[in-house]
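Here is a short briefing on one protein chain. Keep the sequence and the 3D view open while reading.

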Amino acid sequence: MTSSLPLLLLDVDGVLNPFAAPACPPGYTEHEFFPGEDPVRLCAAHGPWLHELATRFQIVWATAWGTEANQFIAPLLQIPDLPVIGFPPVPFHPRDKLPPVIRFAGRRPLTWIDDALPPKAHAWAAKRRMPTLLISIDPAEGLTRPVIEQSLQWADDHRRNDQRQT
């Protein structure tokens, strides 16, 4: 992964882990990572999807899981360790993700996939000079193939526009 690629900021809970589903969705497996807490639901199909996204993006964890995403999630999805955006200690409000995201993103184009994108994130994206796509996920459904397709198409469009400008 090179820094010339746009960023893809990826949340875990609500995106990879559809915690709001009333039962474990088909294709998902529940994992008991943390005793006394709800199981984490993961879908093996997400691993190949993330590998596909990694051909167009530098994927970065944008999650309260922090480095634990690399410890628990990455091995199960068979993806490499990813960079991590540092967030405040949990619990924190979703709007508290925005300042660290802004610092991390700098002047790079990005797609941000999250189930709790606050209004301030949409306002920031709208006025940002770099191409920015925010994708809201239903935490009862999690990451779907249409979201992957949307992200890949956005990256391809961005690359074509970038090539035209050089």
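A pocket is an open set of grid points, on a 1 Å grid over the protein atoms alone, with protein on both sides within 12 Å along at least five of seven lines. The model described here is predicted. Its second largest pocket has a volume of about 160 Å³, while about 640 Å³ of space lies in the largest. The briefing covers pockets, sheet, helices and backbone.

**Pockets**

- The largest pocket is lined by 23 residues. Asp13, Asn17, Phe19, Ala64 and Trp65 are the closest to its centre.
- By class, the lining of the largest pocket splits into 11 nonpolar, two polar and 10 charged residues.
- Which residues line the second largest pocket? They are Ser4, Leu5, Pro6, Thr55, Arg56, Ala155, His158, Arg159, Asp162 and Gln163.
- The lining of the second largest pocket has three nonpolar, four polar and three charged residues.

**Sheet**

- Four strands form an open sheet in the order β4-β1-β5-β6. The pairing is parallel.
- Why is one side of β4 and of β6 left without a neighbour in the sheet? Strands β4 (58-61) and β6 (132-136) stand at the edges, so each has a single partner strand.
- On average, neighbouring strands of this sheet are turned by 15° against each other, direction ignored.
- Strand β1 covers residues 7-10. It pairs with β4 in the parallel sense, over four bridges.
- Within that pairing, Leu7 stands opposite Gln58 of β4.
- Strands of a sheet pair through backbone hydrogen bonds.

**Helices**

- Helix α3 spans residues 98-105 and helix α4 spans residues 119-127. Their axes come within 10 Å.
- The two axes cross at roughly 25°. Angles under 35 degrees count as roughly parallel, so α3 is roughly parallel to α4.
- Is the crossing of α3 and α4 left-handed or right-handed? It is right-handed.

**Backbone**

- Most residues other than glycine have a negative phi, and most peptide bonds are trans. Two places in this model call for a look against that background.
- The peptide bond that joins Val90 and Pro91 is cis, with omega at about 0°. Pro91 lies in the loop between α2 (68-77) and α3.
- Gln78 is not a glycine, yet it has a positive phi of about 55°. Gln78 also has its place in the loop between α2 and α3.

Note on methods:
Residues are numbered from 1 along each chain as its sequence is written. This is a predicted model: local features need pLDDT of at least 70, side-chain atom pairs count only at pLDDT 80 or more; totals for chains, interfaces and linings use all residues. Side-chain values use heavy atoms; hydrogens and water are left out. Two strands pair if DSSP finds at least two bridges between them. Helices (H or I, at least four residues) and strands (E, at least two) are DSSP runs, numbered from the N terminus. Axes are lines fitted to C-alpha atoms, for helices over the stretch in contact, and angles run from 0 to 180 degrees between N-to-C directions. On a 1 Å grid over the protein atoms alone, a cavity is a set of points where a 1.4 Å probe fits but cannot get out, and a pocket is an open set with protein on both sides within 12 Å along at least five of seven lines; lining residues have an atom within 4 Å of a point. Grid points are joined across faces, edges and corners, and a volume is the space filled by probe spheres set on the points. Ala, Val, Leu, Ile, Met, Phe, Trp, Tyr, Cys and Pro count as nonpolar, Asp, Glu, Lys and Arg as charged, and the others, Gly among them, as polar. Angles under 35 degrees count as roughly parallel, over 145 as roughly antiparallel, 65 to 115 as roughly perpendicular and the rest as oblique. A crossing is left-handed if the near helix is turned anticlockwise from the far one by less than a right angle, and right-handed if clockwise.
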